[in-house]
Amino acid sequence: MLRNYLKIAFRNLWQNRVFSFINIAGLAMGLAVTLLIVLYVAHEYSFDRFHEHADRIVKVEYKHEEGEQSYTVPWMSYRFAEAVQQASPEVENYARIKVGSYSTKQIMSDVQHKNYESGFGFADNRFFEVFSFPLLKGDRQTVLSRPYTVVLTESMARKYFGSTDPIGKTITYDKQHLFEVVGVVADPPINSSIQFNFLADIETQRAMDRARYESILGKEQANKELESVGATGGFDTYLLLRNASNAATVASKIPSVLSEQAKIRSKNDKFYLYHLPQYHFEASHKSIQRTVNTFGIIAALILSLALINYVSLTTARATTRAKEVSLRKTVGAARKSLIVQFYLESTLFVSLAFGGALLFFGLLRPVFYELLQLKIETSFIWTPYFWLPAIGIYLVSILLSGSYPALLLANFAPISILKGKLGMGKGVTTVRQSLTVFQFTISIVLIIASILIKKQLDLFLRQDVGLEREQVIGIRLDPETGIDKHYTSLKNSLSQISGVESVTSSDLPIYGGYMNSLDVKALHTNKVVSVNSFPVDKEFINTMRVHWDITPTSKEIQDSHGSIVINEAAAKALGINAKNYQHPLDIGSGTQKHLIGVVKDFPFSPLHRQIRPMALLIHKNDVFHEYIYLKLEKNANVREKIAVIKHVYDSYKVDKPFDYYFLDEAYRKLYEYEISIGKIIFAFTGFAILIACLGLFGLATFTSEQRTKEIGIRKVLGASSISIVRLLSGESLKLVFLGIILASPIAYYLLRTWLQGFAYRIEISGWYFVIAALLSLFIALLTTSVQSFKAALMNPVKSLKSE
């Protein structure tokens with residue numbers, strides 16, 4: 001019986017191979033896109049779940065909130081974890097780690113293997129007890145138990161020691177510290193919040209900190225700082241709880257163990273214990289969570305559109321199967337056997353489509369990764385996080401795509417069919433029309449979203465934000481390479497390069513995502529405001545073309561070193577205006593700075609929030625700054641100038657490789673989330689339109705087949721082909737109009753909610769909806785007119801011929 005069912009299914013597929021190809025290809029593309037999104041969503045939700053005790057591990061962070069302003073301290077002091085464990089029997093174990101992720105240090109195994117590396121971390125010997133990173137070489141119980149020992153990741157071991165066994169060998173860290181290799185650990189997977197390349201013992205870091213603190217603060221004060229308990233250190237601190245539900249209890253005990261200088265002094269301050277599997281979203285990557293949730297919704301919509309399209313096209317061909325069903329029923333076929341037959345056909349179609357989807361998935365995966373700037377290991381595809389949802393999608397697709405066609409076809413009345421009546425009531429037509437309206441509603445929402453997201457991105461990326469970005473090159477200088485000794489000479493050499501318009505410098509990277517904070521007091525108003533401080537040289541304002549709001553005199557600008565400039569937001573908060581600005585400002589500890597002017601607000605962070613108060617602290621030109629910025633002339637050849645700049649940099653014999661970045665690219669990175677969302681929405685909009693058009697084509701096919709004789713009669717009575725096309729297309733366009741009516745309020749609500757996340761945003765114009773409506777109507781008319789013209793041009797003799 002099964003063999004017979006399969007034979008009929010393959011025969012039907014082959015006899016209608018063009019139609020079958022379109023149907024299978026459409027479903028395959030929908031499934032492929034859905035699988036790509038599921039891969040991304042599953043990868044994000046799999047973060048940190050590979051640890052054996054993941055559900056019982058919590059990350060400790062300290063957070064302060066004050067209105068719209070907030071900051072988080074993710075690092076605790078060295079003594080913090082130990083003190084919390086002693087006060088909380090609910091804590092079974094703890095682990096501390098400190099990783100230099102943002103700075104590079106020289107690592108050397110021998111003269112041939114010497115590089116600047118990031119990711120050199122320090123951890124205690126409990127680290128491998130709490131976490132399940134696979135230790136490939138070394139004893140899990142004893143590694144990192146001795147000073148000046150280090151564990152290498154597998155890739156670093158291969159990089160510095162090749163195929164030889166690294167255990168017992170040494171590496172030099174930062175040109176002065178010799179570490180013995182005692183273990184090799186597997187590279188942390190990409191879906192791990194904890195990333196490192198080297199792990200040295202924590203006591204060595206402790207000794208380094210003590211030496212540095214004592215040289216700056218003195219022995220007594222250094223000891224007080226190092227022995228404190230609170231959010232005052234540099235260690236990511238993880239607690240292993242005896243029970244996952246104990247987090248709130250442990251958090252409530254933390255205030256009692258804090259040192260005096262680290263005690264909570266505000267009701268807005270709180271320690272948070274984030275469960276490790278949720279940490280990726282809850283604490284550090286809120287935008288990623290929004291992206292994942294958005295993509296999850298899009299995946300469900302894409303899958304539903306693809307399945308609706310399949311059902312729509314399948315039922316559009318119902319007339320070709322009507323007599324087959326009727327004859328089989330007449331000779332005794334049971335309804336159950338017919339349902340099984342058509343379900344088997346749907347299974348065959350979906351299986352072929354799923355196979356095609358896997359092929360598309362493999363081809364599109366690199367493009368998808370590049371589009372979203374993703375890094376997902378190939379091995380992740382073979383984990384249950386991905387293949388279980390993939391199998392679920394396959395089974396759900398069979399269930400949903402097969403149900404309606406099987407029940408519809410199995411319910412044909414044989415007497416009606418054999419009399420020449422199709423026997424499909426208004427209910428079937430209503431269902432098909434409803435599915436088409438749903439498809440176009442989603443498509444139109446996506447079209448409107450595409451238009452609005454592009455406009456919002458244009459606002460961010462193309463508007464003048466008050467700071468020069470074009471043709472500006474940034475260079476980071478590492479003082480540990482000795483370049484600080486040649487700083488003034490380097491700046492002068494760079495400024496003399498032909499094609500370099502001007503050179504400036506700052507302590508922090510522009511658009512680097514972080515700043516120092518200062519409490520600034522206006523002496524004449526006694527107002528105190530927390531501002532972001534940004535140390536620069538006196539050429540900064542002119543080079544970066546920052547606009548003045550209150551302009552100082554030429555002499556004040558010339559003699560500006562040691563003074564301060566604030567932005568409009570800071571001036572407003574401090575009560576400063578053009579009449580009273582010439583007063584000194586107290587920046588803390590009794591230090592006063594002469595205020596020489598006020599600049600217009602310009603963003604240093606994404607325009608999601610209002611621009612914060614900021615102060616430019618102007619230093620002498622010979623004061624070392626880690627970042628140098630070169631403004632090139634408008635028509636300068638950038639590639640040639642970079643080569644010359646590199647030559648000048650290399651002439652100072654610095655062993656750290658020359659590295660640079662473009663300021664406009666750094667600014668663009670502030671909106672990576674929005675750009676990624678925009679790209680995906682644009683791609684999915686095109687795909688949704690394609691699927692909707694296929695569904696509409698199926699409806700047009702169905703309608704023309706239903707009304708073949710009607711069309712023949714109309715032509716005999718003198719109806720023109722154009723009037724028939726208008727008749728057939730008009731009914732389809734009514735469905736599109738209904739989709740427009742439904743889509744508009746949905747799109748308005750969703751996009752208004754999305755725009756609320758930006759302090760600076762565009763207005764939602766009615767023209768966006770008009771453009772989307774006209775575009776969807778044009779596409780729909782183009783789709784239906786093909787089938788409508790085909791039906792209108794059919795010979796009426798054939799249409800009216802007796803069957």
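Visitor: Is aspartate 236 buried or exposed, and what is its relative accessible area?

Guide: Aspartate 236 is buried, with a relative accessible area of 17%. Buried means under 20% relative accessible area, exposed over 50%, and partly exposed in between, using a 1.4 Å probe and protein chains only. This is a predicted model, where local features need pLDDT of at least 70, side-chain atom pairs count only at pLDDT 80 or more, and totals for chains, interfaces and linings use all residues. Residues are numbered from 1 along each chain as its sequence is written, and side-chain values use heavy atoms, leaving out hydrogens and water.

Visitor: What percentage of the residues in the chain is buried?

Guide: Of the 803 residues in the chain, 49% are buried.

Visitor: Which residues does aspartate 236 touch?

Guide: Contact means heavy atoms within 4.5 Å. Leaving aside residues up to four places away in sequence, aspartate 236 touches Lys59, Pro74, Trp75, Ala95, Arg96 and Ile97.

Visitor: With which residue does aspartate 236 form a salt bridge?

Guide: A salt bridge is a side-chain nitrogen of Lys or Arg within 4 Å of a carboxyl oxygen of Asp or Glu. Here the partner is lysine 59, with the closest N and O atoms 3.2 Å apart. The pair links distant parts of the chain, 177 residues apart: aspartate 236 sits in strand S12, and lysine 59 in strand S1 (residues 57–66). Helices (H or I, at least four residues) and strands (E, at least two) are DSSP runs, numbered from the N terminus. Strand S12 covers residues 236–241. Lysine 59 also counts as buried, because its relative accessibility is 1%.

Visitor: How many salt bridges are there in the whole structure?

Guide: A search finds 21 of them. Another one joins lysine 253 to glutamate 90, at 3.1 Å between the closest N and O atoms. That pair also links distant parts of the chain, 163 residues apart: lysine 253 is in helix H8 (residues 247–253), while glutamate 90 is in the loop between helix H3 (80–87) and strand S3 (91–100). Lysine 253 is partly exposed at 24%, whereas glutamate 90 is buried at 17%.

Visitor: Why are arginine 212 and aspartate 209 separated by about one helical turn?

Guide: Because they are 3 residues apart in helix H6 (residues 202–217). Arginine 212 is partly exposed, at 40% relative accessible area, and aspartate 209 is buried, at 5% relative accessibility. Elsewhere, salt bridges that share partners join Arg79, Glu82, Arg206, Arg210 and Glu227 into one network.
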